[in-house]
Amino acid sequence: MKFLRIAIKDLRTEFRTKGTLNFLFLFAFLSIMLFSATVGDPEPALLWVVFIFAGMLGYSRAFLREVETGTLDALRISPVSPSSILFGKIVYNAAIMLILEVFVIPVFMAVFGIYPKNVLLSVIILTAGNLAFVIVSSSLSVLVIKSRARELLLPVLLFPIVFPVIISTVQAFTMAVSGNLDGIQGPISVILGFSTATLAVGYLTIDYALIE
Amino acid sequence: MIVRLENIEKSFGRFKALRDISFTLGKDERLALLGPNGSGKTTTVRIISGQIKPTNGKLEIFGKRRVDESVKRRMGVVSHNTFLYEDLTGYENMEFFASLYDVDGDRIKELLQELGLWKRRHDLVRNYSRGMKQRLSIARALLNKPELIILDEPTTGLDVEGRTRLFEMLSNFKSAMIFTTHNLQEAEQICERTVLIREGRVVYDGSSENLESVFQEVMQ
């Protein structure tokens, strides 16, 4: 019956910290909200679930790796401004995101048989949405680096903040795929406005976030 | 005067790491920050190097009240944490930090040769011994020919040979130095002046001679 003791120990730890449960519930609810935004055509939302999941695992690593190895202190003592550190991480994450897109988008389209009527616009919208996601996750990961539960705290903070971008990107991408571009300016404006605002907030707060 | 600290306090939440730290450091002076573990030595040098900000008190470094980029260009920091990227080679690490200080490749070669790392420059840092990593860390800190070098317990993890080699190098340094340690002999050997810290307060500031009797007196 020792396996039961192990399971009970794990459950006790989980109910105390709620780390895994918080992450699972957030991800489950986000998926439901995403699909609800694309009634009758869930594939575009599904593509975003792929990017979000990959991004959640990857984008925060840029800062967290520096914390784990102690090299963030090396950057702190070097003659480099905190905003340069933030922008460096955003550019790095954006490059990783582009590499991911190059491989994932064609595979996804082939597997689900999606052939967008406006290919260029579809890719631009996906890239803009992903870029907004990169900016938000890079900026937020700086804020959680001092926390012990940073890996779990980031998704909890990230999901509600990035949600308008996710919904707008899914809507705009769905329109670009179907070729029905009426009202596409709305979601595109949200993506661009959100990216600019988050970048400005990240720039203004990075000094305080990085230096204790 | 290169560094001046006046009544520096630092709190982390409710914990007061520094309660009252005041001392100065003159040009080309070698100062040991001595104290038991948890006394506040590392917090003090982290404030001087601009990694953290004091909660209260006045810090002046190179005549400035803020540790900005121009101040950081004039100092070098060596810590027990080597501040190196383990998945880059020794040369790539130096190249990266040199780019932040706008230093050219000749200086990298000069330092790696001087510290005996030139032949292993293309090896990943993760394959270096602890002593080699510490030497590379010193090379990184000397890239910009700093006027102030801060050494935060640099002998941690070094064997006797590595320690001897490090002390030989330190004796050749011409710049001002702050050397934190909990070892009385190291403080006496490296620095002419010692500031003794206990529970976040300066309890002695004077000559490094006869430190053992001074230590026993003030720690009682």
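Residues are numbered from 1 along each chain as its sequence is written, while chains are lettered from A and ligands numbered from 1 in the order in which they are written. Because the model is predicted, local features need pLDDT of at least 70 and side-chain atom pairs count only at pLDDT 80 or more, whereas totals for chains, interfaces and linings use all residues.

**View 1. Confidence along chain A.** The mean pLDDT (the predictor's confidence in each residue, from 0 to 100) of chain A is 84, and 94% of its residues reach 70 or more. Confidence in chain A is lowest in helix 2 (residues 19–36), with a mean of 72, and highest in helix 5 (residues 71–77), at 91; helices here are DSSP runs (H or I, at least four residues), numbered from the N terminus.

**View 2. Helix 6 and helix 9 of chain A.** The axes (lines fitted to C-alpha atoms over the stretch in contact, with angles from 0 to 180 degrees between N-to-C directions) of helix 6 (residues 82–112) and helix 9 (residues 185–210) of chain A come within 8 Å and cross at roughly 115°. That makes helix 6 of chain A roughly perpendicular to helix 9 of chain A, a term that covers 65 to 115 degrees. The contact (C-beta atoms, placed from the backbone, within 7 Å) includes Pro82(A) and Leu86(A) of helix 6 and Tyr203(A) and Ile206(A) of helix 9.

**View 3. The two domains of chain B.** An automatic or database domain assignment gives domain 1 (3–74 + 146–219) and domain 2 (84–139) of chain B. Their C-alpha centres lie 25 Å apart, and eight residues of domain 1 of chain B are in contact with five residues of domain 2 of chain B.

Key. Helix = DSSP H or I, 4+ residues; strand = E, 2+ residues; numbered from the N terminus. Parallel < 35°, antiparallel > 145°, perpendicular 65-115°, else oblique. Contact = placed C-beta atoms within 7 Å.
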